[in-house]
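Subject: Structure handover

Hello,

Here is the structure to look through. My notes on what turned up in it follow below.

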Amino acid sequence: MAGVLDGIRVLDLSWGISGPMATMLLADHGADVTKIEPPGGDPFRDGLGYRIWQRGKRSAILDLKDAGDLAVFRQLADRADVLVESFRPGVTERLGIDYSALSQSNPSLVYCSITGYGRDNRHSDRPGYDALVAARSGLQWEQRGWPGGSAPRLAGREPLFPDLEIPQEEMQGAPREGPLFPASRFPSLGACYAAVTAISAALRARERTGRGQWVETSLLRGALAAGVMSFGKAEDFEAAGFMTWVGDSRSQKGLFECKDGRWVHCWPPNPRFVLAAGEGDTLDAHPDLRVRDDPDRIALATEEIFVLHHYWEPMAKTIKKFTADEWTQAGADAGVCIQKILTPEEGLADPLLFDDGCVAEIEDPEVGRIRGVGITYRLDTSPGEIRGPAPRAGQHTDEVRAEAAAAAEAPTPAPGKGESLAGGPLEGIRVLDFGLAVAGPYATQILSDLGASVIKINAKHDWYWHQCQIAMCCNRGKSSIAIDLKHENAKDVVRRLIASADVLMHNMRYPAAVKLGIDYASLKDEFPGLVYCHSRGFERGPREQLPGNDQTGACLAGVEWEDGGCHRGGRPFWSLTSMGDTGNGFLAATAICQALYEREKTGRGQWVDTAIVNAQLLNTSYAIARADGTGFERPLLDAMQTGFSAGVRLYPTADGWLCLSLVSDAHWEALGRVLGEGALEAGGRFATAEAREAADDEVAKIVEHALATRSAADWLGVLDAAGVPCEVSSDRAGIEMWDDPESLERAWIARFPHPVVKELGQVGLAFEFSETPARVQGPPCIVGADTRDVLADLGYDVAEIEALFESGAVGDETVNPMLAPEGAETAKSPWEPE
């Protein structure tokens, strides 16, 4: 079957992680991706991840500093649809291949730049390595969060319950103070997701405007996207319902060791199920043990941290009675989220993931048959196809040169003329958001940032959820209609909403959609132009209808195993910057944009789908395995979560923490000169990568001893001058960001008034567009605040609207007791007792 991007020609000038991953996703859906490599090949192609990220592409070696090869490249660029590059700012201008130069002869070109920090700002010239961006942005300090959560700290206030002390064994993370170095490359992952989404939106916009444009993202924006739950600020963070225990570093996160020494993640922590099911000598996963009926259910309120502490020891003892597999099966039988924490290689050997296709096998010409992440999102017309293994460096050079010569003889296509999309690349698109929790709503928030008009379909009791910081992180820029979907009088409202929409998105378990009559089969014939997106927790198959979340996906894909340094003796770790929910949101947004791109040409909508586990598999796609689950040698995080090796890790100094990211012998030689350690210099005992790898612990001790003599800030100045890639791991970055006018001007952050917390600050845009600017359309929606306006827009007159209110089919913002006038009837919280 043809892919949605068949006929799209992509030139890939990127390296590292984010660019290669983004172009892999384009190739999986039909794009013809040609990787342009320098003489000698991409210096990062020895990494295991490249065997997955470069699949389905061609490779040509061109020396862009050579006039002849540069001319060949310019000929290719004149016929390209998309170009992806990851040079430092200013390099493409010096080479003559910047957007301004290339768009003159090819105005249809979508040109995507992925840099470390973006252009023309005070960070632009900093080294753009993943670990260093995580350090400079403060992301390493947000891995386990702060006592009391990030909101009080960003506001300069004391945390709630300042005297609460929790034993280290209950909390997650290495038993030390300071920042944590995760195995997940969050800045690069965020940049990958942002790039592929933005490219897809720009292709849709090109169908309307006739012109390409410059699309930009950065590892800094990727880091902020990963920290969307951590970097938010609120003036009145103590407003009822806003704060939760989730971001408090002292709260237990439901990670428990089992009888067999393996671990499970029970999320949310469910004491009634665990204690009742494990009371006897065998597990009793009786189907009546449902979360909704749990009188001890852990709610979101901050004071629930005391309940979590109370239950931790009895839960830990009970879970220790049985194996991880037994608990996972019991959770599946009872419909409770409990999942065994796998290694990435075990996840790639999982037969259900393989049967779904989100894990795939590739015949690699160098290492044989391997497994890696498969197809991460699907469209009806483009289920995705892996079109071959990663190419050898320069494998297709002659073929590509011949194509360039032929292209030089063809006429240059005239620039199209079309409409202006000043409101964003998705201007004119209406989206219905039936989503729950984070994964679904975050996808539609991205669509809103891209210019779509998003209507949030809320239950009348949703005010309780929407009061909290987590919900506010994924529901900005939307209008809201509060409606009882089960009410007889609501059926016509829902039908009119769907008739007015271009996109319908939800992540409820699918039988619930069928019961409500909003499943795709019930809608596709009546609304043939509708793009219908469904997002799941698990892959398709036996686990499909189980409750799934960020955590279950992280367990199956090996994220929690990796981020905890378990291979080297650590404990599983669920990061507060995890990109399962949010990564899934980006994948859904990408699929929707590509479906809209195709609809511009065919006039027809279609079904698209993805899953949280798919995003988590993408997040660990640096790992590959054989079919039996055995892996290949690769960098492994240490148990204390300081880094992968002596050259890529965090070091404590006399004052503060310093992060190094040394990727060449020259970097090591420069470090050795500055530290006065001859063993690290040319000719020294550890002058080669092989020697350093063989004695990694010894090398790390040498460096750590030397760096302990001065402050991190002092070392930054000295090492910077010597050309050693490093950054201070800043515990102040999140605070300083909110005092930095440039952060607001660049839309790295956004702030707006809010009726609940007075002023709210959030992470801003993940991307920039030169012709169809993205924008934050407004604060998080208030449940029901737009009900009357939406109904009027659907054609209801005043009397009909009042009748709907009187019948109870709909509600407005007064369903929220925090906003309702005195004496008004309000909706009950779903957790409020009858």
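Start with arginine 536, which lies in strand β18 (residues 531-536). Helices (H or I, at least four residues) and strands (E, at least two) are DSSP runs, numbered from the N terminus. Before you read on, note that this is a predicted model: local features need pLDDT of at least 70, side-chain atom pairs count only at pLDDT 80 or more, and totals for chains, interfaces and linings use all residues. Residues are numbered from 1 along each chain as its sequence is written, and side-chain values use heavy atoms, with hydrogens and water left out.

**Around arginine 536**

Is arginine 536 buried or exposed? Arginine 536 counts as buried because its relative accessibility is 6%. Buried means under 20% relative accessible area, exposed over 50%, and partly exposed in between (1.4 Å probe, protein chains only).

The side chain of arginine 536 has a polar contact of 2.8 Å with the side chain of aspartate 609. A polar atom of the arginine 536 side chain also lies 2.9 Å from the backbone oxygen of phenylalanine 538. A polar contact is a pair of N or O atoms within 3.5 Å; within protein, one must be able to donate a hydrogen and the other to accept it, and residues adjacent in sequence count only if both atoms are side-chain atoms.

Leaving aside neighbours within four places in sequence, arginine 536 is in contact (heavy atoms within 4.5 Å) with residues including Asp356, Glu544 and Asn584.

**The eight-stranded sheet**

β18 belongs to an open sheet of eight strands, in the order β13-β19-β18-β17-β14-β15-β16-β27, with mixed pairing. Its edge strands are β13 (377-379) and β27 (810-811), and each pairs on one side only. Two strands pair if DSSP finds at least two bridges between them.

β18 pairs with strand β19 (residues 607-611) in the parallel sense, over five bridges. Tyrosine 532 stands opposite tryptophan 607 in β19. Tyr532 and Trp607 also turn up in a cluster linked by ring pairs, together with Tyr510 and Tyr520.

Helix α16 (residues 439-449) lies across β14, β15, β16 and β17, and runs at about 165° to β14. Axes are lines fitted to C-alpha atoms, for helices over the stretch in contact, and angles run from 0 to 180 degrees between N-to-C directions.

**The cores**

Which residues touch the most other members of the largest nonpolar core? They are Leu447, Leu450, Phe586, Ile592, Phe767 and Phe769, out of 142 residues. The largest share of this core, 13 residues, comes from helix α8 (residues 186-209). A second, separate core has 32 residues, among them Leu432 and Phe805. A nonpolar core is a set of buried Ala, Val, Leu, Ile, Met, Phe, Trp, Tyr and Cys residues joined through side-chain atoms within 4.5 Å.

**Aromatic pairs**

The whole structure holds 19 aromatic pairs. In one of them, phenylalanine 322 and tryptophan 327 sit edge-to-face, 5.9 Å centre to centre with 80° between the planes. Rings of Phe, Tyr and Trp (its six-membered ring) pair if their centres lie within 6.5 Å; planes under 30 degrees apart count as stacked, over 60 as edge-to-face and the rest as tilted. Phenylalanine 322 is buried at 4% relative accessible area, and tryptophan 327 is buried at 0% relative accessibility.

Best wishes
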